[in-house]
Amino acid sequence: MQSTFTSSSFDESGIQSLGFQRDVYLTAQCTLKLPSRAAYFSRFQSIQQLADLHRWAERQSLSFFVLGGGSNVLPVPYIEGLVVQSGMTAITVLEQDADSVLVVVDAGVVWHDWVLASLEYGHGLENLALIPGSVGAAPVQNIGAYGVEVAELIEFVDVYQLSTGTQRRMTAAECQFGYRDSVFKQALLGDAVICRVAFRLKKQFQPNIEYAPLKAQFTEKLPTPSALIDAVVSIRQSKLPDPAVIANVGSFFKNPVVDQEVYTVILNRFESVPGYPVDEPGKIKMAAGWLIEKAGWKGRVSGHVGMHDQQALVLVAQQGATLDEVLDVSDQIIADVQTMFGVTLEREPQLFGSSS
Ligand code: EPU
């Protein structure tokens with residue numbers, strides 16, 4: 001049950017204006033639907049409100065956590081602190097020239113809504129349609145699909161830095177984007193709250209259909225922007241479970257980058273093994289879904305948790321699943337893939353709501 005804050009054990013001066021709630025279940029807000037409850041929760045409508053909320057939490061010695069769209073997190077059962085989420089949803093054109101337009105989007109906008117809206121301004125985001133989550137979460141894990149990573153479109157990210165209490169504009173280089181990685185998962189973890197993201201979109205539509213299943217759909221003529229979005233949506237819907245129907249957080253592991261020799265040993269054992277070149281010489285990116293399938297986990301369920309029967313990289317949870325079960329099953333998969341292939345998988349979604 002959600003209730004507005006009434007406790008007298010805390011400093012209540014000015015808290016009404018902070019607009020937060022006490023004892024809030026986050027289960028429905030996180031797409032893996034694990035049982036989770038936060039001591040305090042607020043959806044902020046301005047950066048001033050965010051700053052005030054953080055100051056208040058500090059005064060109460062409460063931990064402070066920022067939730068995005070809840071589609072890439074593993075929440076702990078009880079979050080002893082204040083969880084905040086952006087409720088800011090403005091979309092503003094900052095500048096444009098003959099070739100491109102720079103659009104600044106608030107963190108609270110739903111990612112797929114922004115992809116659809118972006119067609120009014122320019123192009124480049126079409127391949128990233130239907131990825132669950134919010135605009136503010138997109139840079140954190142550098143979301144990517146079908147040959148495009150969001151980092152390619154980001155010009156800057158505006159953050160509120162908790163440790164300094166100041167706003168800061170970070171260039172794409174400062175964000176240190178990598179494969180499913182950024183400075184927001186590393187040095188600035190727990191410190192930078194992403195408030196706005198600026199996207200440089202192209203006025204001219206140049207479809208990226210390098211991903212084989214997309215190319216196969218457009219052999220005769222190139223797609224329009226809407227047709228490309230429709231194709232991406234239908235590929236996702238055919239392979240990936242809809243989080244509104246089956247609880248999941250998308251890919252549960254990163255695709256591992258291994259030494260060429262490790263890949264060759266595996267290649268000698270199987271007729272064909274998916275592998276993709278990466279920038280680093282002597283390294284190959286393997287498909288975690290393939291490794292997990294070969295390790296016998298595709299469609300396999302243990303307790304309330306299993307791996308999807310269409311895409312072995314996606315962990316799915318049934319009602320009643322707990323965080324411990326999810327961690328246990330994923331540890332078993334890591335161990336099985338390690339034993340069978342000598343490759344170490346790394347979990348992609350992050351633990352949420354634990355200070356340790
Ligand atoms: N594969 C299998 N068995 C499976 C799943 C995949 O053999 O159960 C093989 C496929 O046949 C293919 C290869 O693995 O040869 C790659 O599969 P797919 O194209 O489906 O992509 P992926 O590498 O499994 C990545 C992203 C997805 C993204 C797709 C498409 C990561 C961790 N995942 O998956 O991102 O949609 O590429 O670009 O990089 C996400 O991050 O949540 C996500 C869904």
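Begin by selecting S182, which touches P139, V140, C175, Q176 and F177 when residues up to four places away in sequence are left out, contact meaning heavy atoms within 4.5 Å. The model in the viewer is predicted, and for that reason local features need pLDDT of at least 70 and side-chain atom pairs count only at pLDDT 80 or more, while totals for chains, interfaces and linings use all residues. Residues are numbered from 1 along each chain as its sequence is written, and side-chain values use heavy atoms, with hydrogens and water left out.

S182 counts as buried because its relative accessibility is 1%; buried means under 20% relative accessible area, exposed over 50%, and partly exposed in between, with a 1.4 Å probe and protein chains only. Next, display V140, whose backbone oxygen is reached by the side chain of S182 at 2.8 Å.

Now select helix α2 (residues 111-118), which is mostly covered, with 6 of its 8 residues buried. Those to colour are W111, H112, W114, V115, A117 and S118, and the buried residues of α2 pack against β7 (91-96), β8 (100-106), β13 and α4 (225-239).

Finally, move to the ligand, which 23 residues surround, the closest being Y146, Y179, R180, Y211 and E293; a residue is counted here if one of its heavy atoms lies within 4 Å of the molecule. An N or O atom in the side chain of Y179 is 2.7 Å from an oxygen atom of the ligand, whereas an N or O atom in the side chain of E293 is 2.6 Å from a ligand nitrogen atom. On its own the ligand has 820 Å² of accessible area, of which the protein covers 80%, as computed by the Shrake-Rupley method with a 1.4 Å probe.

To see where the shell comes from, show β9 (144-145), α4, β14 (247-251) and α6 (288-294), the elements that give two or more residues to it. The largest share, 3 residues, comes from α6.

How values were computed. Polar contact = N/O pair within 3.5 Å; in protein donor to acceptor, adjacent residues only side chain to side chain. Helix = DSSP H or I, 4+ residues; strand = E, 2+ residues; numbered from the N terminus.
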